[in-house]
Amino acid sequence: MKLLFASAECAPFFKTGGLGDVIGALPKELAKKDVEVSIVLPLHKKMPAVYRERCEHVASFSVDVGWRSQYCGIERLEMDNVTYYFIDNIYYFDRDDLYGFYDDGERFAFFQLALIEMMEVIDYIPDILHIHDFHTAMVPFLLKEKYHWVEAYQNIRTVLTIHNIEFQGRYHPEVLSDLFGVGDRKYHDGTIRFENDINFLKSGIVYADRVNTVSHSYAREIQTAEFGNGLEAILRQEQEKLSGIVNGIDYEINNPETDPALKTNYTSANLAGKKDCKKELQELMGLPVKANVPIIAVVSRLTHQKGFHLVLEELENLLQYDVQFVLLGTGDPALEHPFQLISEWYPNKCAAKITFDVTLAQKIYAGADIFLMPSKFEPCGLSQLISMRYGTLPVVHEIGGLKDTVQPYNPIEKTGTGFGFSLFTPYYMMEALKKAIHVYQDEQDVWDNLIQTAMAQDFSWETSGGQYYLLYKEIL
């Protein structure tokens, strides 16, 4: 089986979030099976020199972006049994960020046209072309409506993964002729039209052979008006090809037994090292060292989508309990500032680091007792998986991937892997936190059993990769 991934980002080269993590990990897992795996990416300016220097130039050609003839270079890098192809064009990709520019529509139109034409130029014709989010979602449409005459492409099957349906790629209908060089028939008959725009993601949903999301619950949720962002009717129409596969995490990197970021490594069988990690975290964050006070932690982008307006509403109430609160993240300044302010008001109980620090994040996962994720919606989520891996019990809004991966505490059976609340309100979030605090303080044996259960969960890419492998086999 030959597989080609197409994405706008990929760790360790460049990433902004979960998409980059997935593209960095899933292909490596598939390469362990009988799969020939390649990935095609834009050659973003952010690519570290250590990787750029290892790239080999393999081809160059021109791509017609509407009336524009644009240079396209192909750079290749082989690593971890995966071949990476980078689309090189300084005009489109020599920028300080990956997204957020006025011409993103043109930039990703070029990328999609280039990656399709690249396949024939370098003679790499995959059985499955796996595309991700709106940046590549026009590819199935282009294969069938623009490049259908290319005999080598006619047996390619396509899979579209929706990592976050909020971002859809909506542009004026003139992009069909001005950027893609195709007619507007499929716009006027409604196939790819959405509220008088061209919608890249809708096009992918309609034209791809299979569509999947990054959790089972999210696949159901996006078929409703509350979560579908306007595409719910299309997803219900195409539901026979829609499925969900929960993301995994890299168990080699996220391993409390070997993680070099930790002061003391530990396992589920011997948690003594976790106490050392907690002491170090308290010292790093400038909090009093108290072994028996639960640390409630946040590592996240600070946005309303992640639910942190709920946290701010209740944070001062939460700090009346015998707890400590630590936060690491950046995001909306309207959320950053209040967290910083409250940490100054309660220096012995609250510490906020408004920054991005990978090493400190790992120390928080290991040193905290409770991990808070109150997301309004969450396609999958990775932080709750990492926190459970490190024996830190998550408190989550029971939605999307959080619902699929965290088993809420059952006070009758004394079982679970975390704590949940179903209604997205400050009150119910606080009730879940109070329940967690109570179990930690008054039922230590139960708490230890919950930690053991959480650490025993299998959220490795080996499991998720196996499910993707079966999906590809079904299509073929």
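Predicted model: local features only at pLDDT ≥ 70, side-chain atom pairs only at ≥ 80, totals over all residues.
**Entry 1: cavity**

The structure holds one cavity of 30 Å³ or more. I noted a volume of about 30 Å³ for the largest cavity.

I then listed the lining of the largest cavity. Ile249 and Tyr251 belong to it, as do Leu385, Met388 and Arg389, and also Ala454, Met455, Gln457 and Phe459. Two elements give two or more residues to this lining: α15, residues 383-389, and α18, residues 444-455. The most comes from α15, with three residues. Sorted by class, I have seven nonpolar residues, one polar and one charged in the lining of the largest cavity.

**Entry 2: second largest pocket**

I went on to the open sites and took the second largest pocket. Its volume is about 390 Å³. There are 19 residues in its lining, and those closest to the pocket centre are Lys275, Ala291, Asp369, Tyr440 and Gln444.

Which elements give two or more residues to the lining of the second largest pocket? I found α11 (272-284), α17 (426-442) and α18. Here α11 gives the most, with five residues. By class, the lining of the second largest pocket has seven nonpolar, five polar and seven charged residues.

I note that α18 is listed for the largest cavity and again for the second largest pocket.

**Entry 3: cysteines**

I searched the whole structure for disulfides and found zero. I checked two cysteines one by one.

The cut-off for a disulfide is 2.5 Å between the sulfur atoms. Cysteine 380 is in no disulfide either, with the nearest cysteine sulfur, in cysteine 10, 17 Å away.

I also looked up accessibility for both. Cysteine 72 counts as buried because its relative accessibility is 0%. Cysteine 380, at 2% relative accessibility, counts as buried too. The limit I applied for buried is under 20%.

**Entry 4: annotated segment**

I took one annotation from UniProt. The record, an unreviewed entry, gives "domain: Glycosyl transferase family" for residues 291-437. I computed the make-up of that stretch: over residues 291-437 the chain is 40% helix and 18% strand.

How values were computed. Residues numbered from 1 in each chain as written. Heavy atoms only, no water. 1 Å grid on protein atoms, 1.4 Å probe; cavity = no way out; pocket = protein on both sides within 12 Å on 5 of 7 lines; lining within 4 Å. Points joined across faces, edges and corners; volume = space filled by probe spheres on them. Helix = DSSP H or I, 4+ residues; strand = E, 2+ residues; numbered from the N terminus. Nonpolar A, V, L, I, M, F, W, Y, C, P; charged D, E, K, R; others polar. Buried < 20%, exposed > 50% of the residue type's maximum accessible area, 1.4 Å probe, protein only. UniProt positions renumbered as here; feature names shortened; annotations may be inferred.
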